[in-house]
Amino acid sequence: MSTDKDLDASLIAKARDAGERWQARTSVREARTEALEKHLFLKADTPARLAARLNYLIDDVRQSTQGRSLPSNPTLKRLVERPIPVTADEISNEIVQEVVLATRDFLSVEFLERGAAATRSVGRVVIRSSGTFKARGTGVLVAPGLLLTNEHVLSSEALATRCALEMDYEQNRFGPAKKPQIFEFDPQTFFLCDGALDYALVAVATVGDLGSPIEAYGWLPLNGALGKVSISDIDYVNVVQHPLGREKEVVVRNNRVLDMRTADEKAGEDLGAFLHYEADTEKGSSGSPVLNDGWEIVGLHHSGVPATDEKGRWLDKNDRLWRDDQPVEDIKWIANEALRTSSLVAALANAPLDEIKRDYLKKALGTQPPTAVGPRTAAEESVTRETATSPPRSRRDVRRSENGGHRTDQSVTFEIPLRISVALGDVALRGTIRRPIRAEVPTAALERLDASDFADRDGYDRKFIGVTVALPTMKKNPKFGGALVVPRPAREGDHIELRYHHYSVVMCAERRLAYVSACNLDFAANATAGRKDGRSSWRSDPRLNADQQLADRFYDHNDYDKGHLTRRDDTAWGEDLPTAVAANDDTFFYTNAAPQYYLFNQSDDFTNAGLNLWGDLENHISEQGTKQKARLTVFNGPIFGTSDKRLHDALVPLRFFKIVVWRDEGETPGAVGFVLDQESLVKSLPEEAIDAGEFSIRQKPISDIEAELDVAFGKVGDWDRLRQAQGDEALDPDGILIANLRDIRL
């Protein structure tokens with residue numbers, strides 16, 4: 001290891017801070033440890049956090065099984081098959097233990113495959129010294145060419161120019177030795193550090209000194225969502241590191257989170273942005289990723305917690321008093337401290353960056369995780385090449401891929417601490433290695449849709465109710481970036497309109513969500529499709545670029561649901577059942593979805609939660625229309641705001657609007673507008689507990705709704721029944737609270 005005195009001084013300072021936090025949390029931590037010894041999980045963590053963790057694990061099983069081979073454990077199987085998440089009210093000590101253990105065992109083989117991929121993204125931070133490189137710490141790639149480590153490892157741009165990233169510094173007993181290669185840091189392109197939270201982000205050169213691209217090593221995205229790990233003695237964490245500058249090692253399982261802030265604590269701020277956990281780490285482990293059993297980053301390791309005597313003095317590894325003249329390596333550690341990923345993500349959202357670097361960070365962290373790691377590195381080419389000393393391979397599987405590639409074997413070594421060699425099959429497609437990360441659930445994205453496939457969609461019918469109701473138009477000075485111009489329109493002249501069966505969408509370019517989803521609803525149609533008749537999986541619209549719509553990763557492992565804007569029930573009609581099913585299926589494009597709290601877009605008939613739900617209002621409107629055999633025009637969309645909740649590199653709307661327009665025969669059209677607020681449900685995501693409180697539904701003047709939007713509804717505001725009912729009477733600026741369906745002014 002480097003003998004850099006400044007680095008040692010920083011390590012000691014961080015250890016002192018970690019020790020103070022450890023001591024301040026003694027009573028909380030001991031109470032949790034005692035509870036876990038009796039498997040009383042609800043006394044160690046909150047029901048809401050445990051529910052989020054179980055939903056995370058259950059969803060992981062769904063994606064891994066892809067509906068083929070379900071787990072044998074009856075509880076886990078039931079939860080995987082049912083359509084709604086586990087709620088905090090359902091949580092018990094028994095269900096936590098059963099689901100966590102069953103999930104862990106069910107994914108045992110995939111655990112190793114994911115680990116093999118995750119370890120590739122971790123490297124050694126080195127510093128130039130006397131014409132050579134010396135170890136300084138560890139780092140992990142969290143985006144293409146973007147490394148995360150500790151601030152005390154890279155405390156300035158000037159220091160970063162003296163340092164570099166060394167990849168492939170690891171053992172390989174079952175093939176030729178790997179050739180480590182150096183990637184220079186590029187702090188001029190991007191550098192950001194924070195001493196209080198002890199993190200640093202730095203750009204990395206695109207190509208190493210051996211000619212391999214940095215993207216060949218993949219990356220582990222930062223996910224700030226709730227549910228990645230819990231305080232439990234059966235929920236483990238893993239660490240990939242270069243301790244004391246040694247070749248890469250992995251500390252696997254038998255390590256758990258000991259303590260972290262939860263929303264039910266009065267003194268929770270004592271631990272703040274950090275968590276305490278078990279694992280064997282040493283100097284040189286600074287900047288190592290702490291990963292859950294899905295090999296996702298839950299924390300950034302930055303310090304050990306020093307062991308002390310009864311007077312609070314530090315001890316060395318021989319249980320004697322540690323002296324200031326002793327090396328840091330001699331300190332005895334009793335636990336570790338890491339910066340929580342959720343706290344890091346929140347800090348990055350508010351970091352002081354200029355526009356150019358903010359755009360760089362947004363683009364980098366928003367990049368979709370690779371399903372294929374790029375061209376093999378020189379070291380890996382030597383590993384997969386047959387040699388006379390290689391051990392014989394049994395049942396070697398060589399298959400022709402769709403792209404003409406071959407399936408090859410690769411040996412990967414883990415430090416567990418016993419050494420295990422795992423033979424993995426990696427698909428080489430045109431010179432690439434397929435990275436075995438979480439399998440995607442097969443969806444209609446595999447249909448290879450083309451923009452021309454949408455030429456038969458008529459979209460929203462302006463004259464559907466017998467009088468012209470125009471598609472909402474953009475205001476002259478939009479506050480949220482303006483409408484997205486469709487890159488590949490299916491029809492000439494459809495510059496901003498995306499047409500589907502019975503509805504159209506206008507997208508917000510900046511938010512990557514719909515400004516408005518406008519649909520036509522016919523209660524007298526010959527045929528309607530039920531929920532079991534059509535699809536239930538989502539897909540991207542090929543008329544847009546992938547980065548112009550919020551896809552799966554924004555709904556993965558969190559309490560957000562893919563909330564339909566235009567309901568499928570509202571468009572699933574037609575002349576015959578196949579037509580109705582096609583219309584139903586058209587609602588499952590990400591352009592028609594927005595992140596919503598998972599109960600937000602359901603009706604009480606479905607959730608039995610006793611909540612005032614958007615679905616209840618829609619069902620009431622549908623029932624009225626069914627009685628009258630009416631036709632309705634419905635506008636749905638988010639109300640963007642400046643305080644919307646961050647989710648990865650996107651923002652979650654806190655409120656949504658619905659405007660319904662109808663026309664009784666021979667009468668002037670009528671319209672009503674509603675706003676539903678999910679702020680109380682999502683404001684605490686991702687770190688804190690979520691208790692599904694009462695949803696706030698209000699009927700509001702359409703003109704007031706329009707005032708908050710970048711789109712205008714034209715004549716619709718003149719038909720507003722609420723304005724007509726109130727006359728000259730002053731309206732509450734918050735509108736009318738809809739506590740009962742009879743409160744609606746029609």
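Okay, quick definition before anything else: two strands count as paired here if DSSP finds at least two bridges between them. Keep that in your heads, and keep in mind too that this is a predicted model.

So, with that rule, take strand β8, residues 238-241, and strand β12, residues 289-291.

Reading across, the order goes β9-β8-β12-β13-β14-β11-β10, and the pairing is antiparallel. What stands at the edges? That would be β9 (249-251) and β10 (257-260). Each has a single partner strand, so one side of each is left without a neighbour in the sheet. On average, neighbouring strands here are turned by 35 degrees against each other, direction ignored.

Then there's a helix on this sheet. Helix α1, residues 5-24, lies across β10, β11 (274-277), β13 (297-306) and β14 (333-340), and runs at about 95 degrees to β13.

Right, on to the other sheet. This one is also open, with 7 strands in the order β5-β4-β1-β2-β3-β7-β6, and again the pairing is antiparallel. The edge strands are β5 (181-184) and β6 (191-194); each one has a single partner, so one side of each lacks a neighbour in the sheet. The twist from one strand to the next averages 35 degrees.

Zooming in, β2 (residues 132-143) and β3 (residues 146-149) run antiparallel and are joined by 3 bridges. A143 is the residue standing opposite L146 in β3.

Helix α8, residues 341-349, packs on this sheet, touching β3, β6 and β7 (199-203), and its direction makes about 60 degrees with that of β7. Helix α9, residues 355-365, lies across β2, β3, β6 and β7, and it runs at about 90 degrees to β3.

How do α3 and α5 sit against each other? The axes of α3 (residues 47-65) and α5 (residues 93-106) come within 10 Å and cross at roughly 30 degrees. Angles under 35 degrees count as roughly parallel, and α3 and α5 are therefore roughly parallel to each other. The crossing is left-handed.

Who makes the contact? From α3 we have L50, L54, L57, I58, V61 and T65, and from α5 it's I95, V96, V99, V100, T103 and F106. By type, the residues of that α3 and α5 contact split into 10 nonpolar, 2 polar and no charged.

That's my tour, thanks.

Technical notes:
Residues are numbered from 1 along each chain as its sequence is written. This is a predicted model: local features need pLDDT of at least 70, side-chain atom pairs count only at pLDDT 80 or more; totals for chains, interfaces and linings use all residues. Side-chain values use heavy atoms; hydrogens and water are left out. Helices (H or I, at least four residues) and strands (E, at least two) are DSSP runs, numbered from the N terminus. Axes are lines fitted to C-alpha atoms, for helices over the stretch in contact, and angles run from 0 to 180 degrees between N-to-C directions. Contact means heavy atoms within 4.5 Å. Angles under 35 degrees count as roughly parallel, over 145 as roughly antiparallel, 65 to 115 as roughly perpendicular and the rest as oblique. A crossing is left-handed if the near helix is turned anticlockwise from the far one by less than a right angle, and right-handed if clockwise. Ala, Val, Leu, Ile, Met, Phe, Trp, Tyr, Cys and Pro count as nonpolar, Asp, Glu, Lys and Arg as charged, and the others, Gly among them, as polar.
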